[in-house]
Amino acid sequence: VISAGDGAAALAAVGLRLAEELGDAVETDAPLAALTTYRVGGCAAVLVRPRDLASLRAVGTILSEARRAGTPLAVLVIGKGSNVLVADSGFPGVVVCTLDLPGEVTVERGQRPIVTVGAGVSLPVLARRTAALGLTGLEWAVGVPGSVGGAVRMNAGGHGSDIAAALLDVDIVDLRTGESVTRAARDLGLRFRNSDLTDSELVVSARFVLADGDVAASEAEIDEIVRWRRENQPGGRNAGSVFVNPVPGQVAAAQLIDGLGLRGLRIGTAEVSTKHANFIQADDGGTAADVRAVMEEVRRRVHEGAGVLLRSEVRLIGFPDTMEH
Ligand SMILES: Cc1cc2nc3c(=O)[nH]c(=O)nc-3n(C[C@H](O)[C@H](O)[C@H](O)COP(=O)(O)OP(=O)(O)OC[C@H]3O[C@@H](n4cnc5c(N)ncnc54)[C@H](O)[C@@H]3O)c2cc1C
């Protein structure tokens with residue numbers, strides 16, 4: 001039984017309880033940098049990588065019991081880590097990573113084809129798999145290096161589409177209550193690069209409604225998207241667009257930043273990309289503090305110079321504020 005008390009001791013007790021149940025799928029003081037595309041930041045107090053649904057449900061049960069016993073518990077779900085910046089001080093709670101869950105992609109052929117996908121499957125894999133099966137609707141996802149779960153939470157999108165355009169419903173395990181539910185896409189509050197999903201609601205799988213298409217046409221579209229991305233976006237250590245477009249489809253954050261001549265703005269080990277003004281690049285061996293400092297400086301200058309307060313699209317983990325408002 002986990003009881004409330006000293007925060008760190010209670011967290012250690014939760015870690016032990018998780019390890020009893022899940023063995024080597026649980027790690028304490030686990031470095032998070034390598035699990036993110038920025039490749040900076042500190043450790044998770046506890047990192048869990050469940051390998052099947054039963055283990056994930058056990059995590060939900062243990063965490064909900066701990067919470068009911070009064071343990072103050074911060075929980076974070078992580079997929080491909082392509083939209084997060086983890087503070088150098090790390091995350092003082094339990095991180096649940098979805099990448100070891102079963103990565104199945106199954107198709108039901110009815111009036112409209114329905115594809116069911118595990119949360120940890122990467123979007124580029126999903127885009128290519130569905131295209132190869134002659135299904136159209138997810139080609140755009142080839143350019144987004146996230147997982148299906150992270151993409152649902154963020155309502156990821158690009159090239160004129162997004163997750164909301166094809167999502168039917170999702171299975172969720174709530175890490176706060178331990179409950180499993182199926183929730184329709186219309187009840188997720190999906191909007192431009194965001195949703196109403198909370199930090200404790202882990203998307204286990206998603207169902208998409210696609211259309212019958214043409215393999216060659218879908219593959220040609222995919223090749224064109226990949227070519228466009230290579231030409232217009234930098235590789236390396238970044239998390240894609242840092243700030244949400246203030247007016248989607250009309251005012252792009254990149255335009256505002258570029259208009260003020262901020263490409264190449266550098267603080268310590270991080271800089272505004274010279275290739276795409278809404279990307280921030282971290283150096284090899286860089287720090288989250290420097291990435292964050294560049295974000296603050298860009299935000300300050302755009303507010304002063306253009307009268308717009310940019311909001312962070314990247315999720316800031318372990319920082320005192322999220323820059324999302
Ligand atoms: C080079 C590059 C280009 C990019 N281009 C685009 C683009 O064109 N369009 C776009 O929308 N995004 C883009 N992104 C951002 C990113 O890839 C997307 O936001 C992606 O959907 C995040 O998925 P992830 O698995 O990496 O999520 P993570 O970074 O791991 O997490 C992001 C958020 O989702 C939550 N989360 C993760 N998994 C789950 C889950 N299973 N259940 C519930 N919540 C979860 C996390 O708690 C966090 O709040 C780009 C990133 C990079 C690095």
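Let me begin with a term: helices (H or I, at least four residues) and strands (E, at least two) are DSSP runs, numbered from the N terminus. Strand β1, residues 26-31, is where aspartate 29 sits. Its phi is near 45°, a positive value in a residue other than glycine.

Before going on, the ground rules. This is a predicted model, where local features need pLDDT of at least 70, side-chain atom pairs count only at pLDDT 80 or more, and totals for chains, interfaces and linings use all residues. Residues are numbered from 1 along each chain as its sequence is written, and side-chain values use heavy atoms, with hydrogens and water left out.

Back to aspartate 29. Is aspartate 29 buried or exposed? Buried means under 20% relative accessible area, exposed over 50%, and partly exposed in between (1.4 Å probe, protein chains only). Aspartate 29 has 58% relative accessibility, so it counts as exposed.

Histidine 159 also has a positive phi, near 55°, and it is a residue other than glycine. Look for histidine 159 in the loop between β9 (157-158) and β10 (161-162). At 39% relative accessibility, histidine 159 counts as partly exposed.

Now the sheet. Strands of a sheet pair through backbone hydrogen bonds, either parallel or antiparallel. Here, two strands pair if DSSP finds at least two bridges between them. There is an open sheet of 5 strands, in the order β6-β7-β13-β11-β12, and the pairing is antiparallel. Which strands stand at the edges? They are β6 (105-109) and β12 (180-184). Each has a single partner strand, so one side of each is left without a neighbour in the sheet. On average, neighbouring strands of this sheet are turned by 20° against each other, direction ignored.

Let's walk through the pairs. Strand β7 (residues 113-118) is joined to β13 (residues 201-209) by 5 bridges. Within that pair, valine 117 stands opposite alanine 206 in β13. Next, β11 and β13 run antiparallel, joined by 7 bridges. Valine 173 has leucine 202 in β13 as its bridge partner. On to β11 and β12: 5 bridges join them. Valine 170 has arginine 183 in β12 as its bridge partner. Strands β11 and β12 form a hairpin, with 5 residues between them. In the turn, glycine 178 has a positive phi of about 80°.

Why call β11 largely enclosed by the rest of the structure? Because 6 of the 8 residues of β11 (residues 167-174) are buried.

Contact means heavy atoms within 4.5 Å. Helix α3 (residues 123-132) touches β6, β7 and β13, and its direction makes about 150° with that of β7. For the angles, axes are lines fitted to C-alpha atoms, for helices over the stretch in contact, and angles run from 0 to 180 degrees between N-to-C directions. The axes of α3 and α5 come within 8 Å and cross at roughly 155°. Angles over 145 degrees count as roughly antiparallel, under 35 as roughly parallel, 65 to 115 as roughly perpendicular and the rest as oblique. So α3 and α5 are roughly antiparallel to each other. Residues of α3 including Ala127 and Ala131 meet residues of α5, among them Ser218 and Ile222.

Next, the inside. A nonpolar core is a set of buried Ala, Val, Leu, Ile, Met, Phe, Trp, Tyr and Cys residues joined through side-chain atoms within 4.5 Å. The largest such core has 33 residues. Which of them touch the most other members? They are Leu126, Val148, Val152, Leu167 and Phe208. At least two residues each come from β7, α3, α4 (148-154), β11, β13 and α5 (215-232). The largest share, 4 residues, comes from α3. A second, separate core has 29 residues, including Met295 and Leu310.

Last stop, helix α7 (residues 288-306). The expected span of a helix is 1.5 Å times one less than its number of residues. With 19 residues, α7 should span 27 Å, and its end C-alpha atoms are 26 Å apart, which agrees. Its buried residues include Val291, Met295 and Val298. The buried residues of α7 pack against several elements, among them β4 (84-86) and α6 (253-259). Just after α7, glycine 307 takes a positive phi of about 70°.
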